[in-house]
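Please look through the following structure with this briefing beside you. It takes up a few topics in turn.

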Amino acid sequence: AATSLTLGLRRNDSDIYGAQWLPKMAYLYQPNERTSYFANWGKVFRAPNFDDLYADYGGGYTGNPDLKPETGWTAEAGVKARLNSANEITLSLFKRELTDAISWSGGTKPVNIDRLTSTGLNANLVSKLSPIVTLNAGYTYLDSRKQDNNDVGDPRHSFHVGVTAKKGKLTQTVYGIYQDRTGTGSEEVGS
């Protein structure tokens with residue numbers, strides 16, 4: 001059995017938003033060479049990007065120069081298991097809590113959401129179909145809510161599948177995503 005704990009500290013320094021210290025930690029327990037249990041936690045900081053602040057997409061869709069940066073934390077715990085020489089599966093649970101989350105949904109310009117909590121589940125399978133072709137398929141369940149407990153409209157169910165062919169220096173990937181919805185309220189788009 002092997003165990004590791006990795007600690008990290010990053011400093012973001014911005015003329016506009018000041019300095020931010022962002023600690024992170026990751027724990028890994030590997031009882032055998034086929035199975036690993038992992039957990040990680042970290043503080044997050046994301047300044048608004050150029051489009052968030054100054055976009056002009058026409059039709060009244062513009063950026064918002066008054067946006068505040070996102071701050072908060074994120075955590076994940078899960079297991080990665082090699083089923084056989086060709087197949088590996090990863091299952092994890094995650095939670096994220098953000099203050100002033102930047103959201104474009106529900107209006108013509110981005111706004112800060114006072115408090116956004118997201119919880120979910122990831123499941124992923126990587127399968128070596130041949131020496132050249134690899135399949136990557138997975139599912140994500142996501143529940144994102146504002147401080148008033150209202151759903152923010154993020155896709156609740158997402159499925160992805162990708163096929164990668166690699167021969168020498170040439171790599172080709174075909175990737176597809178199905179999401180049950182996107183947007184909020186009257187602007188919600190179906191699957």
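Which residues does threonine 99 touch, not counting residues up to four places away in sequence? They are Pro69, Glu70, Thr71, Ile113 and Asp114, where contact means heavy atoms within 4.5 Å. This is a predicted model, in which local features need pLDDT of at least 70 and side-chain atom pairs count only at pLDDT 80 or more, while totals for chains, interfaces and linings use all residues. Residues are numbered from 1 along each chain as its sequence is written, and side-chain values use heavy atoms, with hydrogens and water left out.

**The sheet**

- Nine strands form an open sheet with antiparallel pairing, in the order S1-S2-S3-S6-S7-S8-S9-S10-S11; strands (E, at least two residues) are DSSP runs, numbered from the N terminus, and two of them pair if DSSP finds at least two bridges between them.
- The edge strands, each of which pairs on one side only, are strand S1 (2-14) and strand S11 (170-179).
- On average, and with direction ignored, neighbouring strands of this sheet are turned by 15° against each other; the axes are lines fitted to C-alpha atoms, and angles run from 0 to 180 degrees between N-to-C directions.
- Strand S3 (residues 35-46) and strand S6 (residues 70-82) run antiparallel and are joined by 12 bridges, and valine 44 has glycine 72 as its bridge partner in S6.

**Threonine 99**

- Threonine 99 is found in strand S7 and counts as partly exposed because its relative accessibility is 37%, given that buried means under 20% relative accessible area, exposed over 50% and partly exposed in between (1.4 Å probe, protein chains only).
- The C-alpha atoms of threonine 99 and tyrosine 37 are separated by 29 Å, and the two residues are 62 residues apart along the chain.

**The nonpolar core**

- The largest nonpolar core consists of five residues, namely Leu98, Ala101, Ile113, Leu116 and Val152; such a core is a set of buried Ala, Val, Leu, Ile, Met, Phe, Trp, Tyr and Cys residues joined through side-chain atoms within 4.5 Å.
- Strand S7 (87-103) and strand S8 (111-128) are the elements that give two or more residues to this core.
- Leaving aside neighbours within four places in sequence, leucine 98 is in contact with several residues, including Val44, Gly72 and Leu116.

**Arginine 156**

- Arginine 156 lies in the loop between strand S9 (133-146) and strand S10 (157-167), and it counts as buried because its relative accessibility is 16%.
- The side chain of arginine 156 makes a polar contact of 3.4 Å with that of aspartate 143 and one of 2.6 Å with that of aspartate 151; a polar contact is a pair of N or O atoms within 3.5 Å, of which, within protein, one must be able to donate a hydrogen and the other to accept it, and residues adjacent in sequence count only if both atoms are side-chain atoms.

Methods: Helices (H or I, at least four residues) and strands (E, at least two) are DSSP runs, numbered from the N terminus.
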